[in-house]
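Hi,

Here is the structure I promised to pass on. Have a look at it first, and then read my notes below.

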Amino acid sequence: METVITEDIKVAAAFIRKGGVVAFPTETVYGLGANAFDAAAVAKIFAAKGRPADNPLIVHVTNREKGKGAREEVAVLADGLNANAEKLIAEFFPGPLTLVLKRAKGVPDIVTAGLETVGIRMPRLELAQMFLRECGVPVAAPSANISGRPSPTTWQTVRDDLGGRIDCILKGNVTEIGLESTVVDCTGEIPLVLRHGAVTLEMLRSVIPETADAADIQTEKPRSPGQKHKHYSPKALVKVVETSGEFEPLENAAFIGLSGPTGNFELKKIAADVNEYAAALFEFFRECDRRNIAVIYCESVAEKGIGKAVMDRIRRAGS
Ligand code: TXA
Ligand code: MG
């Protein structure tokens, strides 16, 4: 299949309306989208990524008129909105937050992997909003990578993974945040964070103080199906290090972090702050793969703010 690469949202959206699959940028990572109400189109996403069928997709919406009506768009996909959902939508939509809500009847099983809930997000990137508005339908989209690999933060990386397997790539800039959205289950009494991201636990608690981290709560089954699958894995071995002390790296090694160790590294990325670290992480993993790096040392950061999401991704990459 020929993959059309375009900057034209009209060209990209036309593929969605015809039942095709299109990669598009958001402020978090690039997504691979299809019309959420077209089960056959959504099936093509799973095929292109090699994604396990039991891992549900996030449905992306936008407001039909700029700056207006976030909750109306969400309400189409959800079976009612409780007070917590209303608060989080009012505060964080559009933005890097996905809410898991009871699904409306019309949402196809393939989107939710048969669950009675659906993940919904309204990206804040202007290009994503313009694209979604042009599509005119909610767009189901996981990250636009081959399943198990790091999420793509550039259109070139999408092309490397999925070129020839999808209809179109909507070309945008490098993504601003670089880590996937925060996922919050809003179906219970208190909001539960299933995946950490740029909308931090602290930010959520400033709106709903009871918000809990699912990792701190005992349950028999994983709350987010995606959490049991392998993720973010570069080919190299990933090691977490504290770099307040110097260390002797193994051969053919790379380093990413906030402070620069001495020692012999093939590749080094010293980020100015934790936001820059987050933004650079996945593309750094990709670059290490391209250069056949054997071991990647990732400096640990404090587990506060977006640091929690950074540590979560690094640990998963290493496990
Ligand atoms: O930033 C993002 O969230 C990006 C952009 C494209 O929006 N998307 C993304 O999608 O990262 P994906 O499919 O790679 O990750 C979605 C995560 C998975 O861990 C999935 O299991 C979880 O959200 N999820 C989706 N629907 C869910 C549901 N109904 N209940 C629980 N978890 C859900
Ligand atoms: Mg993903």
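What follows is a short tour, starting with the ligand and moving on to helices and loops.

First, the ground rules. This is a predicted model, where local features need pLDDT of at least 70, side-chain atom pairs count only at pLDDT 80 or more, and totals for chains, interfaces and linings use all residues. Residues are numbered from 1 along each chain as its sequence is written, chains are lettered from A and ligands numbered from 1 in the order in which they are written, and side-chain values use heavy atoms, with hydrogens and water left out.

**The ligand**

Which residues come nearest to ligand 1? Of the 27 around it, they are Thr28, Arg51, Asn55, His60 and Ser181. (A residue counts as near a molecule or strand if one of its heavy atoms lies within 4 Å of it.) By class, this shell holds 12 nonpolar, 10 polar and 5 charged residues. Here Ala, Val, Leu, Ile, Met, Phe, Trp, Tyr, Cys and Pro count as nonpolar, Asp, Glu, Lys and Arg as charged, and the others, Gly among them, as polar.

Asn55 has a polar side-chain atom 2.7 Å from an oxygen atom of ligand 1. For Arg51, a side-chain N or O atom is 2.8 Å from a ligand oxygen, and for Arg195 the corresponding distance is 2.9 Å. The protein covers 97% of the 670 Å² of accessible area that ligand 1 has on its own. (Polar contacts are pairs of N or O atoms within 3.5 Å; within protein, one must be able to donate a hydrogen and the other to accept it, and residues adjacent in sequence count only if both atoms are side-chain atoms. Accessible areas come from the Shrake-Rupley method with a 1.4 Å probe, and for residues only the protein chains shown count as cover.)

Strands β4 (58-60), β6 (117-121) and β10 (192-195) each supply at least two residues of the shell, and β6 gives the most, with 4. (Helices, H or I with at least four residues, and strands, E with at least two, are DSSP runs numbered from the N terminus.)

**Two helices with a buried side**

In α1 (9-17), the buried residues are Ile9, Ala12, Ala13, Phe15 and Ile16. They cover an arc of only 150 degrees around the axis, which puts them on the same side of α1. (Buried means under 20% relative accessible area, exposed over 50%, and partly exposed in between, with a 1.4 Å probe and protein chains only; the arc is that of the directions from the helix axis to the C-beta atoms.) Those residues pack against β1 (4-6), β2, β3, α6, β7 and β8. At the start of α1, a side-chain oxygen of Asp8 reaches to within 2.9 Å of the backbone nitrogen of Lys10. Gly19, which follows α1, has a positive phi near 90 degrees.

Helix α6 (residues 126-135) buries Ala128, Gln129, Phe131, Leu132 and Cys135. Seen down the axis of α6, these fall within an arc of 165 degrees, so they line one face of the helix. Their cover includes α1, β2 (22-24), β4, β7 (139-140) and β8 (168-170). Just after α6, Gly136 takes a positive phi of about 75 degrees.

**Two residues and their contacts**

Gly31 sits in strand β3 (residues 31-35) and is buried, at 6% relative accessible area. Leaving aside neighbours within four places in sequence, Gly31 is in contact (heavy atoms within 4.5 Å) with Val22, Ala23, Phe24, Ala141, Pro142, Ser143 and Ala144. Val158 is 127 residues from Gly31 in sequence, yet their C-alpha atoms are 9.1 Å apart.

Glu283 belongs to helix α9 (residues 274-290). Not counting residues up to four places away in sequence, Glu283 touches Thr153, Thr154, Thr157 and Arg290.

**Backbone details in the loops**

A cis peptide bond joins Phe93 and Pro94, with omega about -5 degrees. Pro94 lies in the loop between α4 (83-92) and β5 (97-102).

Which residues other than glycine have a positive phi? Ala113 has phi near 55 degrees, and so does Asn292. Ala113 is in the loop between α5 (109-112) and β6 and is partly exposed, at 24% relative accessible area. Asn292 is in the loop between α9 and β15 (295-299) and counts as exposed, at 57%.

Enjoy looking around!
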